[in-house]
Amino acid sequence: LASTAEACYCPAFRVGCLTPRAIMPARVRSFGARLPAARIHSRSLFLPGLSAKGQKYRTFEQQKVVQFPVPTIYGAVSDVARYADFLPWCTASRVLERRQADGPGGPEPGAHAAEPGASEELLTEVEVGYMGLAARFGSTVTLLRDRRVHSVSEPNEFLDSLNFTWEFAPIGPNRARIDLRLDFELKNVEHVLMWDTLQDRVVGEYLSCFQRRCAQLQQRDAAGG
């Protein structure tokens, strides 16, 4: 179970040390604000009869309406350096490099190509841990302000690939729609079976963590902090 928590981590909720509350309580603080119920739509794609390699690949999509404006939820998701403050089992989160994706001269030779229209690109490192086990995730995170956060992770001992995308759209002045997509390939088929069983609960927990973070940011802004 511990390995699955680390294997399914994604930043931006990379997007998250993905494990349900039943395995270990989330290390988050409650800020007293009850979050209104939101509509959720999700699906996970799996085609039977694939090769062993294909059976370890998953795509997960979820759409959710949250009671926060786009700048608030985008700010929480894009602030990778603060993930360790509010995401469960995330022990460290760092931005190693920050650069303007459309800056003069373009990217350095051999650098990851920025997405068209991207406003900023981050090189990040996030560490997760549970019961003495630990993993490190290095990622390139591309930011399109108030519209999109896209993360591509390097392979590690648990994952062959991991891509995570958040897209944001306003619904009036104080609500936003989140479109979340996760594409990944695990190394261990047992971790895949765990994911298939727990995916909705796991992702739901991480979305709740980000909403609590938004409530904290709003309270801070209201207090003039």
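Predicted model: local features only at pLDDT ≥ 70, side-chain atom pairs only at ≥ 80, totals over all residues.
Residues are numbered from 1 along each chain as its sequence is written, and side-chain values use heavy atoms, with hydrogens and water left out.

**Stop 1: Arg 58 and Asp 196**

Select Arg 58 and Asp 196. They form a salt bridge (a side-chain nitrogen of Lys or Arg within 4 Å of a carboxyl oxygen of Asp or Glu), and here the closest N and O atoms are 2.8 Å apart. Now colour by secondary structure: Arg 58 sits in strand 2 (residues 57–66) and Asp 196 in helix 5 (residues 189–222), so you're looking at a link between distant parts of the chain, 138 residues apart. Helices (H or I, at least four residues) and strands (E, at least two) are DSSP runs, numbered from the N terminus.

Arg 58 is buried, at 2%, whereas Asp 196 is partly exposed, at 29%.

By the salt-bridge rule, the count comes to 15.

**Stop 2**

Next, pick Glu 125 and Arg 94. This salt bridge brings the closest N and O atoms to 2.5 Å. Glu 125 lies in strand 4 (residues 120–130) and Arg 94 in strand 3 (residues 90–99), so the pair ties together parts that are 31 residues apart in sequence. Glu 125 counts as buried at 18% relative accessibility, while Arg 94 is partly exposed at 30%.

Arg 136 is partly exposed, with 48% relative accessibility. With Arg 94, Glu 125, Glu 127 and Arg 136 all showing, you have one network, joined by salt bridges that share partners.

**Stop 3: His 150**

Finally, jump to His 150 in strand 6 (residues 148–153). His 150 counts as buried, at 15% relative accessibility.

What does the side chain of His 150 join in a polar contact of 2.7 Å? It's the side chain of Thr 165. A polar contact is a pair of N or O atoms within 3.5 Å; within protein, one must be able to donate a hydrogen and the other to accept it, and residues adjacent in sequence count only if both atoms are side-chain atoms. Show the backbone of Phe 164 too: its oxygen lies 3.5 Å from a polar atom of the His 150 side chain.

Key. Buried < 20%, exposed > 50% of the residue type's maximum accessible area, 1.4 Å probe, protein only.
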